[in-house]
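Here are my notes on the model you passed along. Have it open while you read.

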Amino acid sequence: MKRALHTILFFLLLIGVWAALTGDLLWLGIGPEEPLWSPYVLPPPSVVGQYLWDNTLNGKIPLSMLITLRRLLIGYVIGLVLGVPLGMIAARFKWASDTLGMLALGLQALPSVCWVPLACIWFGQTEAALLFVVIMGTLWSVLLSTQNGMKNVPSIYARAARTMGSSPLHTLMFVTLPASAPFVVSGMKQGWAFAWRSLMAAEIYVAVVSGFGIGQYLHYGRELQRMYQVIGIMFIIILVGLLADKILFSPAERWLHRRWGTDKE
């Protein structure tokens, strides 16, 4: 509770400084009489808040969030379904580690936006192009985390299982993989962050007529020079990322590390 209070107070302080510098607190006698920046460059919090409030009430932001989250979840799940088995193969076989693992290591370093032109050429301005970029953003980090997690499992676990009659496949599925779960979940968390950034990059450049996502509103805000819209959408993107981490991944990650005795606290 104390940590949450510190976080809230810190962000309120940042918003207060922003409001003071942009003239929102002049009625309290706080801040310069003339804003340091034009509202077209840095709008005050009141204008950004009004934009978010109005477009939430009229349903534009909730609808665009549903469209974006649907794309994100579909691409992310496909990336997980592909990444975990491929990571297991790369951890199990030396030849796969030297080939598939090296490929994943190189492609993980590739910025997500680099996939967008290729996706547009292959799939056109379609949902498939967006999903492809999300999958590419998820797949490689999940593959590498699964591979590294399984390699870090003490070999005595597998030897003990084989001594008790476990087959190689059974040992892999029910001993090695569960023991590497903390590392796999950490990779899933990283894969979610990559997928979220990938989708934002894709929605900015790929105009899909089937629905406008949050990234497309960010792009239109830039095109129309509506900085209040750009900043408002940026707040939503940050909020979704924080909520996904704090509500979904961090609790599961902490529980698994405590369960397997790998926590550092």
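The points below go from the whole chain down to single residues.

1. First, what we are looking at. This is a predicted model, where local features need pLDDT of at least 70, side-chain atom pairs count only at pLDDT 80 or more, and totals for chains, interfaces and linings use all residues. Residues are numbered from 1 along each chain as its sequence is written, and side-chain values use heavy atoms, with hydrogens and water left out.

2. On confidence: pLDDT is the predictor's own confidence in each residue, on a scale from 0 to 100. The protein chain averages 83, and 94% of its residues reach 70 or more. Among its elements, α2 has the highest mean at 91, while helix α8 (residues 168–179) has the lowest at 74.

3. The protein chain has 11 helices and zero strands. Helices here are DSSP runs of H or I with at least four residues, strands are runs of E with at least two, and both are numbered from the N terminus. The C-alpha trace spans about 75 × 50 × 30 Å along its principal axes.

4. How many of the residues count as buried? Of the 265 in the protein chain, 42% do; buried means under 20% relative accessible area, exposed over 50%, and partly exposed in between, using a 1.4 Å probe and protein chains only. Contacts are heavy atoms within 4.5 Å. Of those with a separation of 6 or more, 72% are between residues 24 or more positions apart.

5. Back to α8 for a moment. Its buried residues are T171, L172, V175, T176, L177 and A179. They pack against α3, α6 (127–151), α7 (155–163) and α9 (181–205).

6. T68 sits in helix α3 (residues 60–92), and it counts as buried because its relative accessibility is 0%. What does its side chain make a polar contact with? The partner is the side chain of E203, at 3.1 Å. A polar contact here is a pair of N or O atoms within 3.5 Å; within protein, one must be able to donate a hydrogen and the other to accept it, and residues adjacent in sequence count only if both atoms are side-chain atoms. Leaving aside neighbours within four places in sequence, T68 also contacts W196, L199, M200, G213 and I214, among others.

7. N55, in helix α2, is buried as well, with a relative accessible area of 11%. Its side chain reaches the backbone oxygen of Y51 at 2.9 Å. Not counting residues up to four places away in sequence, N55 touches K60, I61 and P62.

8. W37 lies in the loop between α1 (2–21) and α2 (45–57) and is partly exposed, with a relative accessible area of 39%. P111, in the loop between α4 (94–108) and α5 (115–123), is partly exposed too, at 46%. P111 and R197 are 86 residues apart in sequence, yet 9.6 Å apart in space, C-alpha to C-alpha.

9. Is Q225 buried or exposed? Q225 is exposed, because its relative accessible area is 63%. Its phi is near 60 degrees, a positive value in a residue other than glycine.
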